[in-house]
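Subject: Structure handover

Hello,

Here is the structure we talked about passing on. My notes on it follow below.

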Amino acid sequence: MMRSEYRRFRSAGMLKRRLNSFSRNCRGVVSFWIFIALFSISLFSELIANERPLIVSYEGEIHFPVLFMYPETCFGGIFQTEARYRDSSVQDLIYRNGWMIWPPVRFSYDTINLEATGPFPSPPSNENILGTDDAGRDIFSRILYGYRVSVFFGLCLAAFSSVLGILVGAFMGYRGGWVDIAGQRLIEIWSGIPVTYILIILTSFMIPGFLLLLGIMLLFSWMGLVGVVRAEFLRCRNMEYVAAARVLGVSDWTIILRHILPNAVVATVTYLPFVVNGSIISLSSLDFLGLGLPDSTPSLGDLLAQGKAYLHAPWIGLSALVVLALQLILLVFIGEGIRDAIDPYSEGIR
């Protein structure tokens, strides 16, 4: 058997043993599937909570308001603007010559419950199962959409920061010497810059958005994986197979990408769930302080801030706190399961 074929066979066997080890971690597996199920449900938030019907049949024609915009004139109205399907007059026009299928929750994240009889925030009811916030918006819908935003933000930030951190750590560890020393000093200086002050300055003359916050957080979040990758490259750069590759004339980039980087990536995979965890906490903290996403964007941190402001309405803070805590616990259990599966000294991997 050739050496390359043996290495592929050995890698496949190691991957299979690690997957088997992870599958034996009941807490990690259950947490993984719960997290996937919740995130998958949030991806279809528009089909679960929306102020637009899923399907409208009017005079024999089928319409999909959840996907497309239809003016009120399409249903016998007089206005050229988009139909307000929660309006009783529009509903009468449609039911007179057709029918509608509504999502389970007839509120989007920014829909104000104009039919509420009491003051806002209102307690849970049959119409709003988790109550409303200070603006009369349905809390369940805002949690559903906000969960998707927070997880997507955490995954994007973890992916980009991991790529950048791995590249910087690989370059420092492989080169060593003055490159490594200078890189460590620059990282120490850069990590000492207060992120909160920068956000306060930027938000004073710029409107914070998803991409802006992602870019600002990316400037500082990549340093978490540099130490792990750097240590792995410092360990492997003087090994015999690396020295043999240099003697054979293999380029540095080939050695880094093909021979050393796979070992470093295995070490960093265990940190990814915790990086996602930290990213979600950072976004929620910024939203809680009012330095995060705009008010029109659904956010778990904004609901926590409202819970703090309206202590007489505990359903606001408790709902967001339970969802955020569950999200973080699931990611921690997943990370622990991956760490134990990749650990070479754990049972079944040795």
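To begin with a charge and a ring: the charged end of arginine 27 sits over the ring of phenylalanine 333, 4.6 Å from the ring centre. A charge counts as sitting over a ring if NZ of Lys or CZ of Arg is within 6 Å of the ring centre and within 35 degrees of the ring normal.

On conventions, this is a predicted model, in which local features need pLDDT of at least 70 and side-chain atom pairs count only at pLDDT 80 or more, while totals for chains, interfaces and linings use all residues. Residues are numbered from 1 along each chain as its sequence is written, and side-chain values use heavy atoms, with hydrogens and water left out.

Aromatic pairs

Rings of Phe, Tyr and Trp (its six-membered ring) pair if their centres lie within 6.5 Å; planes under 30 degrees apart are stacked, over 60 edge-to-face, and the rest tilted. The count by this rule is nine aromatic pairs. One of them is edge-to-face: phenylalanine 75 and tyrosine 85, at 5.9 Å centre to centre with 70° between the planes. Both residues are in the loop between E2 and H4, ten residues apart. Helices (H or I, at least four residues) and strands (E, at least two) are DSSP runs numbered from the N terminus. Phenylalanine 75 has a relative accessible area of 0% and is therefore buried; tyrosine 85, at 3%, is buried too. The classes are buried under 20% relative accessible area, exposed over 50% and partly exposed in between (1.4 Å probe, protein chains only).

A second pair is stacked, because the ring centres of phenylalanine 152 and phenylalanine 210 are 5.9 Å apart and their planes are at 25°. Phenylalanine 152 belongs to helix H5 and phenylalanine 210 to helix H8 (residues 210-221), so this pair ties together parts that are 58 residues apart in sequence. Phenylalanine 152 is partly exposed at 43%, and phenylalanine 210 is partly exposed at 25%. Ring pairs also link Tyr58, Tyr70, Phe75 and Tyr85 into a cluster.

The sheet

Strands of a sheet pair through backbone hydrogen bonds, either parallel or antiparallel. Here three strands form an open sheet in the order E2-E1-E3, with antiparallel pairing. Strand E2 (61-63) and strand E3 (98-101) are the edge strands, each pairing on one side only. From one strand to the next, the twist averages 10°. Two strands pair if DSSP finds at least two bridges between them; strand E1 (residues 55-58) is joined to E2 by three. Serine 57 stands opposite isoleucine 62 in E2. Helix H4 (residues 88-97) packs on the sheet, where H4 touches E1 and E3, and the direction of H4 makes about 120° with that of E3. Axes are lines fitted to C-alpha atoms, for helices over the stretch in contact, and angles run from 0 to 180 degrees between N-to-C directions.

Threonine 111 is in the loop between E3 and helix H5 (139-175) and is buried at 3% relative accessibility. The side chains of threonine 111 and glutamate 51 are joined by a polar contact of 3.0 Å. A polar atom of the threonine 111 side chain also lies 2.9 Å from the backbone nitrogen of serine 108. A polar contact is a pair of N or O atoms within 3.5 Å; within protein, one must be able to donate a hydrogen and the other to accept it, and residues adjacent in sequence count only if both atoms are side-chain atoms. Leaving aside neighbours within four places in sequence, threonine 111 is in contact (heavy atoms within 4.5 Å) with Glu51, Arg86, Gly136, Arg137 and Asp138.

Serine 279, in helix H12 (residues 272-289), is buried at 4%. Not counting residues up to four places away in sequence, serine 279 touches Phe153, Gly154, Leu157 and Ala158.

Backbone and loops

Most residues other than glycine have a negative phi, and most peptide bonds are trans. The peptide bond from phenylalanine 120 to proline 121 is cis, with omega near -5°; proline 121 is in the loop between E3 and H5. Glutamate 59 is not a glycine, yet has a positive phi of about 55°. Glutamate 59 is in the loop between E1 and E2 and is exposed at 57% relative accessibility.

Regards
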